[in-house]
Amino acid sequence: LSQALFNQYDDKKLVAADKAHYMHCFHIFDDHRENGALNIAAGNGAYIYDTHGRRYLDAVGGMWCTNIGLGREEMADAIAEQVRLLAYSNPFCDMANDKAIELSAKLAELAPGDLNHVFLTTGGSTAVDTAYRLVQFYQGCRGKPEKKQVISRKNAYHGSTFLTMSLGGKAADRSPEFDYLQDGIHHLSCPNPYRAPQGMDEAAFLDYLVKEFEDKILEIGADKVAAFFAEPISASGGVIIPPKGYHKRMWEVCQKYDLLYISDEVVTSFGRLGAFFASKEVFDVQPDIITTAKGLTSGYLPLGACIFSERIWDVIAEPGKGRCFAHGFTYSGHPVSAVCALKNIEILQRENLLEHAKQVGGYLEQQLATLKDLPLVGDVRCKKLMACVEFVKDKQSKELFPAEINIGEKIHSKAQERGLLVRPIIHLNVMSPPLTITYQQVDEIVETLREVIVQTAAELKQSGDFGG
Ligand code: PLP
């Protein structure tokens, strides 16, 4: 990219306007007032460029989403062509468009088993919101209006609408100024083996989690519980890879008590774990509903989908009942987003990027594991192209640093100075690079992290905040 591109930015003006007018996602007021933001102007492959033209290797992949990498000419062309042909089409009033239809058929083909029905949304939160409403509708249609409560997990993230924030269970996202939907939403333990109760090995922890689920259903009453919501691997919760066999066992409990199993694959689909959908291929579970977004368009345009089973369809669409699923968004089935998703799928298949993600993801797993012996590193969790490093003050007791140390932010800012982005979440740094990431770029990520961790440990030692 030529420097001329970056010379056009009046950075002072941009920073002032940002501070004056632009409220960001998860806006931290004091920090933004003081430090502003990293303003990004361009992107190509796994690299993004700030308004000064500084280059960063984006190991976060946007926000878990830039799966095919940025700056693809053929994507730009496909989007432009569709804008010229049909920029918008009304998804209400008995109208459809060919691209939304084609994409729905494609998703039905790619999704496991009999997940043959697709509701297109505007992103991940609206996909999960749709799944929740679909669950309610389904139970109502089958004459079980009392069976509407749902079970989720602590540390889960399902989106940022009122409903999906209530469904999520991240303590750090909950602040007393907000209200959350309390009735009818229950949270189980986070299935994080690293934080299992003391003395429990992984097998015992798994039994504990399954029992907790079953006990919770019995406590509420199976006739009142509609569904279980789970990410195959909790992403924003810190790349929580549950004990082996967890999803299958939880799914079996769902079968036993007639609960729907909703797999929130907003992050884990479209190649991040080496499969179009991870539920069946990676975790051997056939969900009743899969929600997806992010990698569906690799972040080029907003889009999400709620993909559901024949079993649900047969109940809700029973002929002669005259029912209407009163749910929809102005931008449901948006033809330009649909074209973008179709082109994205074409690129993923043509370039064999799922297989590459498996291979290079395996290499990332191996290489990141070498950080485990460093000071500060409590746990390294990585499955294919989802990764997280958890920092602790004491490796033995797994005690965390006090919040004001802001360890994730320390690691992040030092990495950023070296041209690498790793997203901080309090005491964690998470990564989800584009599927196009190379072996050399993996080395760059791991070596930069190693350098930064060693330096941070030395500084914390010197300030007396870390014993070593
Ligand atoms: N579900 C999961 C598992 C996610 O990680 C996210 C976003 O990070 C969402 C849902 C919400 O998606 P969106 O931000 O597109 O609304």
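Modeller: Domain bounds here come from an automatic or database domain assignment. That assignment gives the protein chain domain 1 (38-68 + 353-462) and domain 2 (74-350). Their centres, taken over C-alpha atoms, are 27 Å apart. To the contact, domain 1 gives 26 residues and domain 2 gives 23 residues. Two residues are in contact if their C-beta atoms, placed from the backbone, lie within 7 Å.

This is a predicted model; local features need pLDDT of at least 70, side-chain atom pairs count only at pLDDT 80 or more, and totals for chains, interfaces and linings use all residues. Residues are numbered from 1 along each chain as its sequence is written.

Now the side of domain 1 that touches domain 2. The elements that give two or more residues to that side are α4 (61-64), α14 (353-369), β11 (377-383), β12 (386-391) and β15 (428-431). Helices (H or I, at least four residues) and strands (E, at least two) are DSSP runs, numbered from the N terminus. α14 supplies the largest share of this side, five residues. By type, the residues of this side are 15 nonpolar, five polar and six charged. Ala, Val, Leu, Ile, Met, Phe, Trp, Tyr, Cys and Pro count as nonpolar, Asp, Glu, Lys and Arg as charged, and the others, Gly among them, as polar.

N406 is found in the loop between β12 and α15 (407-417). Its phi is positive, near 50°. I426 lies in the loop between β14 (423-425) and β15. The phi of I426 is also positive, near 55°. Most residues other than glycine have a negative phi.
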